[in-house]
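Here is a short briefing on local features of a protein chain. Please look over the sequence and the structure before reading the points below.

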Amino acid sequence: MIIAPLPNDESDRIAALKRYQILDTEAEELFDDISKIAAAICDVPIALISLIDEDRQWFKSKVGLEATETPREYAFCSHAILQPGELLIVPDASKDPRFCDNPLVTGAPDIRFYAGSPIVTNDRQALGTLCVIDSKSRQLTEAQAEALRHLSKQVCANLELRLARKKLELLNEAKNKFFSLIAHDLRSPINSILSIAELLVDPNSGLSPEDEEQFKKHLYASARVTSQTAENLLSLIQFEQGRFSFEPRSLSVRETLSACEDSISGSCKSKGIRILTSCNPDLVAWADSRLLQSIVQNLLSNAVKFSHLSGKILLNARSDGETVTITVQDFGQGIKPKALDLLFDYTSSYSTSGTAGEHGSGLGLALCKQFSQRLGGDLVLESEYGKGTTATLTIPAKE
């Protein structure tokens with residue numbers, strides 16, 4: 001038995017196969033119908049839609065065969081995908097040196113005849129084949145061979161339709177959750193603003209000067225939350241639609257951190273919180289300035305939100321030459337374990353109040369996670385409830 005070599009672009013081929021999210025899925029009528037038609041046209045007992053992954057051939061559809069998969073080294077289809085534009089026909093496998101001692105030839109299903117038409121994507125990746133098999137030696141007519149080629153194209157077309165349908169379902173689900181999130185996160189602060197504003201403009205409200213001053217502070221806080229939520233929602237929409245500008249360059253990490261500290265200085269002052277920063281003035285990173293500043297600013301805002309009065313926040317940046325690591329550590333109320341995973345999912349609408357009753361949109365960390373990955377890095381949270389949280393951002397140090 002001659003084992004088929006790997007295609008030259010095997011990693012790209014495997015990536016293309018996984019893109020369709022088809023492996024190990026349930027049987028589907030569209031694919032089963034194609035297999036039945038192939039078996040009928042070619043007048044054979046077995047027809048398969050076979051997909052080749054790293055170590056096996058898996059059958060999305062099968063007629064006349066009980067097995068759901070076989071080892072890749074036994075697969076005739078492993079040979080067929082080496083020539084994506086051609087039909088592989090084996091009239092008598094028992095006389096072909098590639099297959100004569102193959103267990104699928106010497107034992108069940110006793111393959112003699114095989115014809116496989118590669119399932120080829122638009123980017124020329126052969127995922128597997130639509131193949132027909134018989135236990136008798138034979139040939140295909142030209143009409144049968146042509147029909148097999150057309151049917152294999154229909155397999156790929158159905159894969160594309162299936163993927164598009166799944167994307168549409170996910171989009172609709174995300175849209176519904178997104179609108180629920182908008183209603184959830186904007187209704188409360190807007191209602192608060194309206195209520196406070198009505199009191200302040202009502203000449204008969206009977207508010208004392210002290211009450212007015214207190215309500216003005218509440219009004220400002222609610223307006224700030226609403227503004228930040230609206231900004232986050234706009235950024236999310238732009239990001240999801242691919243319209244968020246991305247212009248990476250070599251930039252000063254210290255200058256970025258300073259700008260972020262300045263942006264939250266008011267919040268820090270109101271809670272008496274100190275930010276202790278450690279960063280080499282010469283440290284540089286390869287990043288989009290707007291994305292990096294948005295991430296760090298959100299992380300610092302969260303740290304302030306969950307820190308106790310007169311607390312401290314450690315802001316540290318360092319590099320190993322290849323990556324820059326920025327950590328934001330607070331010693332506040334921390335995050336419950338069951339909430340950690342929800343914080344990176346903007347569809348969960350998860351948010352909690354800060355140590356001074358501050359509210360947030362619940363979108364900040366979800367955006368930070370996506371932004372960090374867009375920068376070629378990642379964001380990780382570690383937290384111990386009641387003791388504090390550490391956010392660790394890693395990004396490239398150079399292009």
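A salt bridge is a side-chain nitrogen of Lys or Arg within 4 Å of a carboxyl oxygen of Asp or Glu. The model is predicted.

**Salt bridges**

- By this rule, the count comes to 17 salt bridges.
- Salt bridges that share partners join D24, D53, R56 and E69 into one network.
- E28 and K60 form a salt bridge through their side chains, at 2.8 Å from N to O.
- This pair links distant parts of the chain, 32 residues apart: E28 sits in the loop between helix 1 and helix 2, and K60 sits in strand 2 (residues 56–63).
- K60 has a relative accessible area of 4%, so K60 counts as buried.
- Another salt bridge is made by the side chains of E146 and R149, at 3.1 Å from N to O.
- Both E146 and R149 belong to helix 5 (residues 142–201), where they are three residues apart, about one turn of the helix.
- E146 is partly exposed, with a relative accessible area of 34%, and R149 is also partly exposed, at 31%.

**Backbone features**

- The peptide bond that joins A108 and P109 is cis, with omega at about 10 degrees.
- P109 is part of the loop between helix 4 (103–106) and strand 5 (113–120).
- Q21 is not a glycine, yet Q21 has a positive phi of about 50 degrees.
- The place of Q21 is the loop between helix 1 (10–19) and helix 2 (29–42).
- Q21 has a relative accessible area of 48%, and therefore counts as partly exposed.
- D24 is not a glycine either, and its phi is positive at about 60 degrees.
- D24 lies in the loop between helix 1 and helix 2.
- The relative accessibility of D24 is 52%, so D24 counts as exposed.

**Cysteines**

- How many disulfides does the structure hold? The number is zero.
- A disulfide is a covalent bond between the sulfur atoms of two cysteines.
- C260 is buried, with a relative accessible area of 0%.
- C268 is buried as well, at 8% relative accessibility.

Conventions:
Residues are numbered from 1 along each chain as its sequence is written. This is a predicted model: local features need pLDDT of at least 70, side-chain atom pairs count only at pLDDT 80 or more; totals for chains, interfaces and linings use all residues. Side-chain values use heavy atoms; hydrogens and water are left out. A disulfide is a pair of cysteine sulfur atoms within 2.5 Å. Buried means under 20% relative accessible area, exposed over 50%, partly exposed in between (1.4 Å probe, protein chains only). Helices (H or I, at least four residues) and strands (E, at least two) are DSSP runs, numbered from the N terminus.
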